Amino acid sequence: MMMASMVANGNRDGQALVLTGVDPETCMIVFKNHWAQVVKILEKHDPLRTTNHLASAVQNYVEHMLFLLMEEDAGQAGAMGPILEFVVMENVMERLFLWSLRRQFTDDMKLEQLKMYEMIVGQARQPLLHHKPVLRPLMMLLSSCSGTPTPRVEAELVLLLNQLCCVLAKDPSVLELFFHTSEDQGATNFLIFSLLIPFIHREGQVGQQARDALLLIMSLSAENQRVAQHIAENTYFCPVLATGLSGLYSSLPTKLEVSSEEWHCLHREDWLQMPALVQFLNSLEFCNAVIQVAHPSIRDQLVNYIYNGFLVPVLAPALHKLTLEEVMTTTAYLDLFLRSVSEPALLQTFLTFILLHRHENVHILDTLVSRVNTPFQLGTVSLALFRTLIGLYCEDVMLQLILRYLVPCNHMMLSQRRVVKERDCYSVSAAKILALTPSCCSPEHSPPPLRQLDSILWSKGNESKTEESCLEDGSGHSCIIGSEIYLDVSYLHYLYDARLGISSCIRACRVWSAPYDGEDPPPDEYQASALEEAGASRGRRAQMVNPKGAHPHPRPRPPCQTAGPAPMNQLELEWDDSYDAGPPANAETTAAERPAQPLAPEPPKHIQALRRTATMLVKGSYIEESDFQDDVMVYNLVAKKDVRDTLDGRRSSQETESKGSETESQLNDNGHGFADSSREVQEVPLSNGLSLPLQRATVEVGSDTERSKEVKENIADHNSKVQSPTATDIGDELVAQYEELIRTLGGGEVGAGTEGREPFQNPIVTPTEEDEMDFGSFSVDTPEVDKHAPSLFGTKLRSGSARSQPLPFTGPFVSVLLSRLENMLENSVHVNLLVTGILAQLAAYPQPLLRSFLLNTNMVFQPSVRSLYQVLASLKNQIEQLASTRKDFPELITSAQHCLLARESSLIGHGKTMVYLNTQ
Amino acid sequence: INPYDYEEQSVQQIAEQQQRASPSRPSFGKKQLPTIPKNTAPITKPASPATTTQSINGTHASYGPFYLEYSLLAEFTLVIKQKLPGIYVQPSYKSALMWFGVIFIRHGLYQDGVFKFTVYIPDNYPDGECPRVVFDIPVFHPLVDPVSGELDVRRAFTKWRRNHNHIWQVLMYARTVFYKINTMEPLNPEAAVLYDKDVQLFKSKVVESVKLCNSHLFDQPKIDDPYAISFSPWNPAVHDEAKERMFTHKRRPEDHHKGLQVSGLSWVKPGSTQPFSKDENSQQS
């Protein structure tokens, strides 16, 4: 063995430098001698009385010894080298540790010990940690550091932990030893890991090293079930990580200093200026990385904690803060987070939150959509958020945002369904849309190119010159025959960009579940079985929820589904109404802004949304902001234009209806009934302030009696009993339902506090809020009511007769977007760039349903459906009108073109820096 | 030489040409919008899409060329989708209205024939007459003009109907004539008469014609254009790699798709219209 070692040593160039001419035997002798000296001191002297002189003598010896140990090669066939063998036999490490422990175990001592291990762990040539006499004192040392170490110790500790993790990553067999050793100690399993957790959210190098080390362990967990199980079940890793996000979030500024009106999202150079935000993003990035590499059980647990520990309790309320500035800031944060997250599982968590979570009974998505129409910075930031969302190419997002309103094909005439898939090979629609170009902007009126560019010349070819002669005219790129048209070469850049956008979108959408071509998903089936489908999906969800025992850490799901193991009964499942928001019970929420009255062909939803926003802004808590008064006025000015046609009639109906009974007011309108959302969960308040979710056939209720009839029917449905609508006493039923609810939910883990129980905690209607609700839809006088009368009866609806008249509506988002587009002349340039940018994003989507709705000008839509073409036509008229009233219009156009070109060049030159542009 | 070798070569040529030409694309300066091929007669009627648009909308004639170019791109895409056996086409570099093509006849009277041709599309497409097909070398065939080499396409497309007629149909027709001989109203009466009266002599003339065409295969392209189809003898240094690429190409799309980080997202269960309806197991990315 000696010989072998010697040979090995001799062959090593590196070693030759350090221990030239020193053979292992000599090393061993030196080591033993040193140790003998050390032992003498250790045994003769009381550790507490050891003089500094002696202590430093020990230290010197030990340093030499460790150096020798470090440089020793493993013996043959992986056997220990002689020095290591000696170390193990004599229990050198433990004796040294105990000695220093018995002295004053100061930070200096700790540091010394930590450095010692750091050296041998990091640089030893043979595996040391496999040996208990080495590992055990190390674990004791680590335990002793687990308190609240000082920064100096912290740095050294984390460095050592990081090194240990590197060793683990290289040699997972050590892992088992770490577990066993911990068990011997009776301490927490896997000490290394536990020690790292407190540093997860730490700033600077220590935090980074800790996170790197943790990531190494996370990668290990993907392979090692035991590690995964331990982390998921015995450590607070996931909760710490998720709640840490909440903590870091709370230290973010609640209001951003907005530099200019054009600002609409947090760019890198923005957040780099905000240390708190940098720190948050670091932690978010770490979560992202953990989810990427960790075992699925850890991943699932983490996303679940992020959902229930950060998104729902922290971000949701933050999105509903009282002032516009705060809400805007939160929206900008959310946008930034979405852009920072890349792991599908984490993105799914965020998107589930946005699409399915309800805050005070309104889906986050609906709230966000409604805010697009606020004329303040909030609207702009919300637009930017949707740009991000749409840019994810996520089917679920697009489904909830737009496609689900198009799938039933109600927005078009029946005969048009076959047109959906048609392609416009000859650019007929393009010609029609381009014909809407205002005359002042047509190419003929364009000024000569402002930049020196290659221009493309198109020959109409009505001269008889030959191809060759015109192509080879020396310039190499122009063709001049007869009348020619100058086109900026940027047209080709435009084509290039468009092609890039379209092809990447098409590629991305390959993972989607359906082509959305008017046949798949089948529109008729979707309509006819809308109710069943809703039920079926709830059933599916229930299946997902039920085997909770098997999945201790469920993925995030709509909060309405309780996370508890309580058995689901039908009633509870009704809570998961994934179609739409419940009633906008709380006037503070933007629920009131939701585009409402989908059943009514007039007025358009976006107008109502505007009006509701206005109402909310005036009556709601925003008014608490003193500086908001001006904003309200601005808002009202903007809103007036859209509202003037409809406001009066609706206001009067609202007034009459606000005198309705208590039940009526509590059964408030959630303001929709979109084509596919015929069932709503309604909260029926009970006398004790608790509320009971009821499924309603429709939101449109004509009168008290009808309403209570309906309530009864629904209750009957819930119990799967066949009941006459008038037979049962409603009170009994409610009590029965209530008790059932309490039993199912209360028996579970009420204390766990998922928002599924929100309705219990927050009696949703208070007298003050009543005033702010919109009762328009309850009006007996409004013409819409007649249309909806059939659907008041659940049985009728079930038979399908009520659905024979599909309700054309393309969804709130499209409404809001088109509304903003139509207001183009009032918008700032940046808003317009966002709006047109989003439209361009949408236009790149390959789904025939979406493409035909936006771009096929030959499609015949239902009269109540507004198309992009109509809005553009209206815009053209507005612009022509403006052009005719302003004498200096041509000059304005020219300067605007200069501005836009300058902006483009500056974008090319300076990255994202925007140049402020004045609209007019 | 085995005709399939030609075929392989030609495909490689196309592939190479595309590769060669593609990098130069982003420099937009040289890009030309469709111009009029020289063989096209001067337009005498104002029926071009541009003028039509102009007459309708007054101001927006200028987009006409782009609609035309888009239509032609759409047609080309359709051709590719059809995967016509033995036919390869490529629009010219200089004009989208001129396409270069080659057709490989794999059996029948014209077996082993490799015929290069050019497609000329009228600039008022799709409202004008049908595209013309002109063979580089006039093939001995009843429907091919013995002087100009033009194939009688019009008999099959008496009236070109937009939305119904497509250029791939013309190419399909150009292939069919070599398998199913029609002697009615011939452009080459000699060939028609021989076919009807003396098939043996017709056959030998065809063989001669095929030989002639194939002997000119390596000639410089008739029209000087970077995208013109040109043949060259097999050169392992050049072609082996291209051949390798061709044979691995089939597998590439899926590999590419798999390897690529999924850019799109979906948690919708097929058949459902509910977000996040996929089973948890299938969600694992």
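Y393(A) is found in the loop that links helix 21 (377-390) and helix 22 (395-406) of chain A, where helices are DSSP runs of H or I of at least four residues and strands are E runs of at least two, numbered from the N terminus. The phi of Y393(A) is near 55°, a positive value in a residue other than glycine. The model is predicted, with local features requiring pLDDT of at least 70 and side-chain atom pairs counted only at pLDDT 80 or more, while totals for chains, interfaces and linings use all residues. Residues are numbered from 1 along each chain as its sequence is written, chains are lettered from A and ligands numbered from 1 in the order written, and side-chain values use heavy atoms, without hydrogens and water.

Back to the backbone: most residues other than glycine have a negative phi, and most peptide bonds are trans. In chain A, the bond from D520(A) to P521(A) is cis, with omega near 0°, and P521(A) sits in the loop between helix 25 (490-508) and helix 26 (523-528).

Chain B has its own examples. Y125(B) and P126(B) are joined by a cis peptide bond, with omega about 0°; P126(B) belongs to the loop between strand 3 (114-120) and strand 4 (132-135). K83(B), not a glycine, has a positive phi of about 50° and lies between helix 3 (64-82) and strand 1 (87-91).

As for the overall fold, chain B contains nine helices and five strands, running α-α-α-β-β-β-β-β-α-α-α-α-α-α from the N terminus. Among its contacts (heavy atoms within 4.5 Å) between residues at least 6 apart in sequence, 61% join residues at least 24 apart.
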